[in-house]
Amino acid sequence: MGMSGAASGGAGCGRGEYMSIPEDVDAIKEAVKEEGECPRLLRCRAIRWWAKVAVLGIFLAGATAAAVVFLGPLVIKKVVVPIIDWQSRTFSRPVILLICFGAIAFFPSVLIPSSPFMWIAGMTFGYGYGFLIITTAMSIGMSLPFCIGSAFHSRIHRWLEKWPKKAAFVRLAGEGDWFHQFRAVALLRISPFPYIVFNYASVATNVQYCPYIAGSMAGTIHETLLAIYSGKLVQSLAVATSQGSFLSVDQIIYNGIGFTVAAVSTAAITIYAKKALQKLQAEDELC
């Protein structure tokens with residue numbers, strides 16, 4: 001009986017082991033299959049992401065081309081050309097420099113957009129001097145709210161609590177070391193987060209001034225170049241319209257390609273910044 005029981009028990013064990021082997025093999029097969037599919041899935045996601053960017057760029061290019069062809073000449077002739085003529089007759093270049101510099105430097109402190117003055121700086125001074133004027137003025141425009149907002153730290157903190165999701169991204173700027181703060185601020189500047197709002201919202205975090213201003217300057221380079229390009233494009237259209245003609249075929253192709261590249265690049269950088277911020281937030285939550 002004892003031997004029979006032992007044999008019976010051994011047979012039971014054998015059956016248990018025999019039954020567990022296929023389950024383990026199936027689990028291993030599934031794991032191997034998932035590992036093989038993971039890179040393929042990542043490639044598919046990357047392809048879909050770039051396809052979306054391309055479609056967005058094509059759509060923006062088509063919409064812009066339609067607007068330029070049908071509405072552009074009328075708006076430029078009736079609005080833009082008179083403004084540019086009035087500006088050139090009324091103000092000298094040094095006065096325009098002071099007006100643009102002052103507007104870009106001080107308007108953000110009172111929550112007024114300064115983009116039109118970036119366009120004027122681009123039209124008047126071009127890429128070289130225009131870039132220097134805009135970036136220098138923007139450094140002041142981002143520093144003043146940082147200093148002013150420090151006096152209202154608790155009030156800004158309470159205001160941010162009304163939007164917890166946006167506040168979570170803003171607080172990334174105040175965490176970690178110097179490079180972490182620099183990277184978070186640069187990504188926030190590139191992302192769709194409002195430029196003027198972040199100037200004040202940043203003081204609700206523990207971000208230091210040096211990584212704040214360095215990240216802000218790095219994150220707004222593409223915006224500055226795009227503003228200058230837009231100003232030069234509007235100026236070339238205005239000159240052609242005032243002369244009773246339109247852009248030549250070569251100019252249309254050149255400006256169309258330039259604007260498409262600028263629009264697609266801006267969209268791609270913005271999407272990348274948004275994804276990078278989400279990844280940065282996930283890493284901080286794990287830590």
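Which residues form one aromatic cluster?

Modeller: The aromatic cluster is made up of Phe-146, Phe-198, Tyr-209 and Tyr-212. The model is predicted, so to speak of local features requires pLDDT of at least 70 and side-chain atom pairs count only at pLDDT 80 or more, whereas totals for chains, interfaces and linings use all residues. Residues are numbered from 1 along each chain as its sequence is written, and side-chain values use heavy atoms, with hydrogens and water left out.

The ring pairs come next. Rings of Phe, Tyr and Trp (its six-membered ring) pair if their centres lie within 6.5 Å, with planes under 30 degrees apart counted as stacked, over 60 as edge-to-face and the rest as tilted. By this rule there are nine aromatic pairs. One of them joins Trp-49 and Trp-50, which are edge-to-face because their planes stand at 80°, with the ring centres 4.4 Å apart. Trp-49 has a relative accessibility of 17% and therefore counts as buried (under 20% relative accessible area, with exposed over 50% and partly exposed in between, for a 1.4 Å probe and protein chains only). Trp-178 and Phe-182 form a stacked pair, with 5.6 Å from centre to centre and 10° between the planes. These two residues are four apart in helix α7 (residues 178-190), so about one helical turn separates them. Both count as partly exposed: Trp-178 because its relative accessibility is 46%, and Phe-182 because its value is 21%.

Contact means heavy atoms within 4.5 Å. With neighbours within four places in sequence left aside, Tyr-212 is in contact with Met-142, Phe-146, Val-185, Arg-189, Phe-198, Asn-199, Ser-202 and Val-207.

A nonpolar core is a set of buried Ala, Val, Leu, Ile, Met, Phe, Trp, Tyr and Cys residues joined through side-chain atoms within 4.5 Å. The largest such core has 34 residues, and those touching the most other members are Ile-104, Ile-134, Met-138, Phe-198 and Tyr-212. Two or more residues are given to this core by each of α3, α4, α5 (153-160), α7, α8 (195-201), α9 (209-219) and α10 (221-242). The largest share, ten residues, comes from α4. Apart from this core lies another, of seven residues, including Val-80, Val-81, Leu-233 and Leu-237.

Neighbours within four places in sequence aside, Thr-220 is in contact with Met-138, Met-142, Arg-189 and Tyr-195.

The axes of helix α3 (residues 93-106) and helix α4 (residues 115-149) come within 7 Å and cross at roughly 35°; here axes are lines fitted to C-alpha atoms over the stretch in contact, and angles run from 0 to 180 degrees between N-to-C directions. The crossing of α3 past α4 is right-handed, meaning that the near helix is turned clockwise from the far one by less than a right angle. In this contact, 20 residues are nonpolar, three are polar and one is charged. Ala, Val, Leu, Ile, Met, Phe, Trp, Tyr, Cys and Pro count as nonpolar, Asp, Glu, Lys and Arg as charged, and the others, Gly among them, as polar.

Helix α2 (residues 72-90) holds Gln-87, which counts as buried because its relative accessibility is 14%. Not counting residues up to four places away in sequence, Gln-87 touches Ile-96, Ile-120 and Thr-124. Lys-77 is found in helix α2 as well, but its relative accessibility is 55%, so Lys-77 counts as exposed. Lys-77 and Val-239 are 162 residues apart in sequence and 9.8 Å apart in space, C-alpha to C-alpha.

As for the whole chain, there are eleven helices and zero strands, where helices (H or I, at least four residues) and strands (E, at least two) are DSSP runs numbered from the N terminus. Of its 287 residues, 33% count as buried. Among contacts with a separation of 6 or more, 78% join residues 24 or more positions apart.
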